[in-house]
Amino acid sequence: MQGNSEERGGPSSAPLASSPRSQGEEEDIAIIGGGIIGICAAAFLSEAGRGVTVFDRTGICEETSSGNAAAFAFSDVLPLAHKGMIRQLPKWLADPLGPLAVPPAYLPKLLPWLIRFWRAGAAKHYETSLATQAGMMKLAEAEWMGLLDRSGTRPMLREDGSLEFYESEAEFRAALPGWAERQRFGIGFRHVEGEEMAALQPGLSPRFVKGTFVPGWKTVADPKLLGKAVWAYAERLGARFEHARGERIEAGADGATILLADGSRRRAKKLLIAAGAWSHLLARNLGDRIPLETERGYNTTLPASAFDVKRQLIFSGHGFVITPLQTGLRVGGAVELGGIERPPNFARSKAMLEKAKRFLPGLDPSGGREWMGFRPSLPDSLPVIGAARAPNVYYAFGHGHLGLTQSAATGRLIRDLVLGQTPPLDLSPFRAQRF
């Protein structure tokens, strides 16, 4: 079992030096998972004066959180179950390199999750799901802006907006109801075409007839660098890191115990499981059976000189985005529902890169670095945030595509729960026991 950060892939820097406590010494708060969710929780708890130790097999922000698309997607309030994915499913599954793929051998194992996903998209759940996601996004934006300022990382924020494209009038019209729902929640946007669209992104293929510009969309200079900078802030406040893999957990009225891969144990008064795609395996130790599935995401990061991309470009009909980073140009996205054991299928990243060449004629595809990682996703598109069935243990995982976006909000909510304070959101939609 992997007790680790949220996603595997890509070259990693050398692990942070471990500084384990003796086996008899009790931690105040232990966090399993050094991805962006665990990092933000550590920052908020450290700000509150609590002693925090983060355990991760790889390092701080070395896995999922290092390779995402770098977006603060605060306007992405529509749950996946309500985005028409079920309607698109047959077409997408017919293309093994398309926006969504399921390896045939994995389909029997995936079927229960797909049935839950289909049920979550029922009309009777729509308003509740939308309002819950919108509330979480509002909190996420406020908490991230505050954390960026307190941690000195605001210069890493980019506020260039995003540009989403449509290849036909029919595709554009199909997107309009979703934009109307965003408008209900005060999200600003404008539809563009012709010269205005070309000015927002020069060099675009003429195959795209219209676009939607979201001026409030934000990205970061590089998600891995941001995560490490937020961790450095938490570390200045006293947070510690231990390079170790959590294999199993036990919990009782007097605290929790982590059994590490080397056979040693760590005791903690409180424990947070934020281990991304492996979290549900640890939760089973405590009697919580959570239907988490793994969306395997792929990307290629090209040199920054590959093309002059002005802002994040979203090709929703093809399931991927192109993001200009401080460290290069990232072409990635798509979903492969294939679990955590199968080897990467980098034909998927190559397929996205081929499309990017057609969509941006003149793009130089050479010199790229391929990557694959795991997005931990739940069928109703909401994370698990809250108390475990066992005492003194909390969960924060299952954010799907929105881990970076919602991490500061999650850190705030976990801090309030640990401190016994009233959180700013109703947490019942996020309960682990809702399934």
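Predicted model: local features only at pLDDT ≥ 70, side-chain atom pairs only at ≥ 80, totals over all residues.
Local features need pLDDT of at least 70 and side-chain atom pairs 80 or more, while totals for chains, interfaces and linings use all residues. Residues are numbered from 1 along each chain as its sequence is written, and side-chain values use heavy atoms, with hydrogens and water left out.

**View 1. Helix 4 packs against helix 7.** Helix 4 (residues 126–151) and helix 7 (residues 223–236) sit at about 65 degrees, axes 10 Å apart. (Axes are lines fitted to C-alpha atoms over the stretch in contact, with angles from 0 to 180 degrees between N-to-C directions; helices are DSSP runs, H or I, of at least four residues, and strands are E runs of at least two, numbered from the N terminus.) Look for Trp-144, Leu-147, Leu-148, Arg-150 and Ser-151 in helix 4, which meet Leu-226, Val-230, Tyr-233 and Arg-236 in helix 7 (heavy atoms within 4.5 Å).

View 2. Phe-72 stands opposite Lys-218 in strand 9.

**View 3. Phe-165 and Phe-208 form a tilted pair.** Their ring centres are 5.3 Å apart, with planes at 45 degrees (rings of Phe, Tyr and Trp, its six-membered ring, pair with centres within 6.5 Å; planes under 30 degrees apart are stacked, over 60 edge-to-face, the rest tilted). Both Phe-165 and Phe-208 are buried (under 20% relative accessible area, 1.4 Å probe, protein chains only).

**View 4. Phe-320 stacks with Phe-359.** Here the centres are 6.0 Å apart and the planes at 10 degrees. Phe-320 lies in strand 16 and Phe-359 in helix 9, so the pair ties together parts 39 residues apart in sequence.

Key: Pairing = 2+ DSSP bridges. Buried < 20%, exposed > 50% of the residue type's maximum accessible area, 1.4 Å probe, protein only.
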